[in-house]
Amino acid sequence: MAKVGADLVLLDASRGEYMCVPQGASTLSLDPDSDAIAAPDAEAGRKLQQAGFAIWTADHAGAPRRPPPALPTRDLPERSDVATTLQDLRDVAWAYGAMTWCYRGRSFGAIVAQAQRLADARGRHDLNMIDIDRDVKVFRRWLPWAPFQGECLVRSFMLLLFLHRRGRGAAWVFGVRTWPFSAHCWLQVDDTVLDDHSGHLAGYMPIMAITPRS
């Protein structure tokens, strides 16, 4: 869930579907520590249930919710291309293969679940920004030879797999904006974005992030 100005945007991560409630930020109340939503009347709650974005619970308790990180404010430094090693190529090839296995024909929910399992299994990664910066440069150099590319979901997930392979990690953040509605995703470490520019992300509000749960 995310408040975008006066609007409220809900994300069903199992289906990869979004619902925008115009002026919902003032009519629906969000629990800051869970995914519970307090609707002002039965009709509003019924509409959310019919759309598959809410279920009614007698105790009004929601599942614990980890707030996504704040928008990044820094970019990786611009730098000339880096020399690559044989191990770099092996790791890039592994990421391409893993991407094919984990992405092709799978639902949004299955992709997110796989990314969450990777994050949980490895916990906190090496967050040395010098090494991460070099890895991103290596990845960008060989990205044009990837078997398939496309939208931000593909690129970010492939880079995430590459970083995991290298023993590093990042938060996989999903953001939304309204009027017109748009959804986007990117990788960030603390306040630094890895595969986009902070200026481009300024119009988005984070709604979900894949990070280690412990």
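Are Asp135 and Arg168 buried or exposed? Both Asp135 and Arg168 are buried, and the two residues form a salt bridge with each other. This briefing concerns a predicted model and covers its salt bridges and its cysteines. The salt bridges come to eleven, whereas the count of disulfides is zero.

**The Asp135–Arg168 pair**

- In the salt bridge between Asp135 and Arg168, the closest N and O atoms are 2.4 Å apart.
- Asp135 belongs to helix α5 (residues 129–142), while Arg168 sits in the loop between α6 and β7 (171–177), so this contact ties together parts that lie 33 residues apart in sequence.
- The pair also belongs to a network, in which salt bridges with shared partners join Asp88, Asp91, Asp131, Arg134, Asp135, Arg165, Arg166 and Arg168.

**The Arg165–Asp91 pair**

- Arg165 and Asp91 form a salt bridge whose closest N and O atoms are 3.4 Å apart.
- This pair links distant parts of the chain, with Arg165 in helix α6 (residues 152–165) and Asp91 in helix α3 (residues 86–103), 74 residues apart.
- Arg165 has a relative accessible area of 40% and is therefore partly exposed.
- Asp91, by contrast, is buried because its relative accessible area is 5%, which falls under the 20% limit for that class.
- Arg165 and Asp91 are both members of the network that also includes Asp135 and Arg168.

**The Arg15–Asp12 pair**

- A further salt bridge brings together the side chains of Arg15 and Asp12, with an N to O distance of 2.6 Å.
- Arg15 counts as partly exposed because its relative accessibility is 36%.
- Asp12 has a relative accessibility of 13% and so counts as buried.

**Cysteines**

- The structure contains zero disulfides.
- Cys152 takes part in no disulfide, and the nearest cysteine sulfur, which belongs to Cys185, is 3.6 Å away; a disulfide would require the two sulfur atoms to be within 2.5 Å.
- Cys152 counts as buried because its relative accessibility is 15%.
- Cys102 likewise counts as buried, its relative accessibility being 8%.

Notes: Residues numbered from 1 in each chain as written. Predicted model: local features only at pLDDT ≥ 70, side-chain atom pairs only at ≥ 80, totals over all residues. Heavy atoms only, no water. Buried < 20%, exposed > 50% of the residue type's maximum accessible area, 1.4 Å probe, protein only. Salt bridge = Lys/Arg side-chain N within 4 Å of Asp/Glu carboxyl O. Helix = DSSP H or I, 4+ residues; strand = E, 2+ residues; numbered from the N terminus.
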